[in-house]
Structure formats: C-alpha cells, structure tokens
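User: Could you walk me through this model? I'd like to hear about its pocket, its helix packing and its strands.

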Amino acid sequence: MKNVWTKQGIARVVKMLLEERRPIFESMTRQLTEYPEMRQMLHAILFQGKQITYNPYHPLIHLAAMFGYVVNKESAIQISNRIFEICLYNLFLSEEEISNVLYEEAQGRRKEFVKNGKLDMEFII
C-alpha cells in the first residue's frame, strides 16, 4: 500500500484512469462536441496559454464551471484539475494528429484524382 502514495504510484493510477473509457470522460467529450465554443476556449487555454478573465456571467465560462472543467484562480479561469487537464490535452492532441494524418493522406492521394490541374472525372467514375 505504501507504493501507491509515491510519485510513481500516483502516475500509474492517473495513467490507468486516462487510458480506459470512463463515463466522466465520455461525458466530457460529448459536451465538448455539443458546445464547440467551450471546446475552443479550453483548447486556447491549454495550447495557446491564453489567459481568460473569470466572469461567472459569461455563458461559456459559466457552462465550463458548471460542468466542473474550470475554476476561478486569481481572477482567471483555469482547468479545474490535473486529470481533466491531461484528458483534454490528450484529446486535443490526438485529434490534431489524426487530422494531420488524414490531410497528408488526402494530399498524397490527390495526384490520383487530379490530372493537369483538373479533377479526373473518368478516373473517379
């Protein structure tokens, strides 16, 4: 039991929590899809280091706080806990990676469908 309360033990538990599907994280991803503006706000905080002033009357801030994703820290919004922060970061990062792979694949296959700068309709049909 002592090994659990070490840095390595806690890191293992966090990894375990985040690597399996859990209702709380499924709910989070569903809400991010339902509220794309909230998603953009959280993305900006994590990936751009954007500082957003806490205002409980702003609908997006209120929504994110209501879901428990952000808190007021020194008059700025902050991701409420490290596990949510890691989950969001991993989600956004994997989406970016998949988007880049799809883009690169589409660019690579573009040569098959475009001849002399025009869409090759015979090939497509």
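This is a predicted model: local features need pLDDT of at least 70, side-chain atom pairs count only at pLDDT 80 or more; totals for chains, interfaces and linings use all residues.

User: Happy to start with the pocket. Which helices each supply at least two residues of the lining of the largest pocket?

Analyst: Good place to begin! The largest pocket has a volume of about 260 Å³. Its lining includes Leu18 and Glu19, Phe25 and Glu26, and also Asn90 and Leu91. The helices that each supply at least two lining residues are helix 1 (7-19), helix 2 (23-34) and helix 5 (82-113).

User: And by class, how many residues of that lining are charged?

Analyst: Glu19, Glu20, Arg21, Arg22 and Glu26 are among the lining residues. Beside four nonpolar and two polar residues, the number of charged ones is five.

User: How do helix 2 and helix 3 lie relative to each other, roughly parallel or roughly perpendicular?

Analyst: Their axes are 5 Å apart, and the packing angle is about 110 degrees. Angles of 65 to 115 degrees count as roughly perpendicular. Helix 2 and helix 3 are therefore roughly perpendicular.

User: Which residues of helix 3 make that contact?

Analyst: The contact residues divide into four nonpolar, two polar and two charged. Helix 2 brings Gln31, Leu32, Thr33 and Glu34, while helix 3 brings Pro36, Met38, Arg39 and Leu42.

User: Last one: which residue in the turn between strand 1 and strand 2 has a positive phi?

Analyst: Strand 1 (residues 70-73) and strand 2 (residues 76-79) are antiparallel, pairing over four bridges. Within this pair, Val71 is opposite Gln78. The two strands form a hairpin with two residues between them, and the turn residue with a positive phi, about 55 degrees, is Glu74.

Notes:
Residues are numbered from 1 along each chain as its sequence is written. Side-chain values use heavy atoms; hydrogens and water are left out. On a 1 Å grid over the protein atoms alone, a cavity is a set of points where a 1.4 Å probe fits but cannot get out, and a pocket is an open set with protein on both sides within 12 Å along at least five of seven lines; lining residues have an atom within 4 Å of a point. Grid points are joined across faces, edges and corners, and a volume is the space filled by probe spheres set on the points. Ala, Val, Leu, Ile, Met, Phe, Trp, Tyr, Cys and Pro count as nonpolar, Asp, Glu, Lys and Arg as charged, and the others, Gly among them, as polar. Axes are lines fitted to C-alpha atoms, for helices over the stretch in contact, and angles run from 0 to 180 degrees between N-to-C directions. Angles under 35 degrees count as roughly parallel, over 145 as roughly antiparallel, 65 to 115 as roughly perpendicular and the rest as oblique. Contact means heavy atoms within 4.5 Å. Two strands pair if DSSP finds at least two bridges between them.
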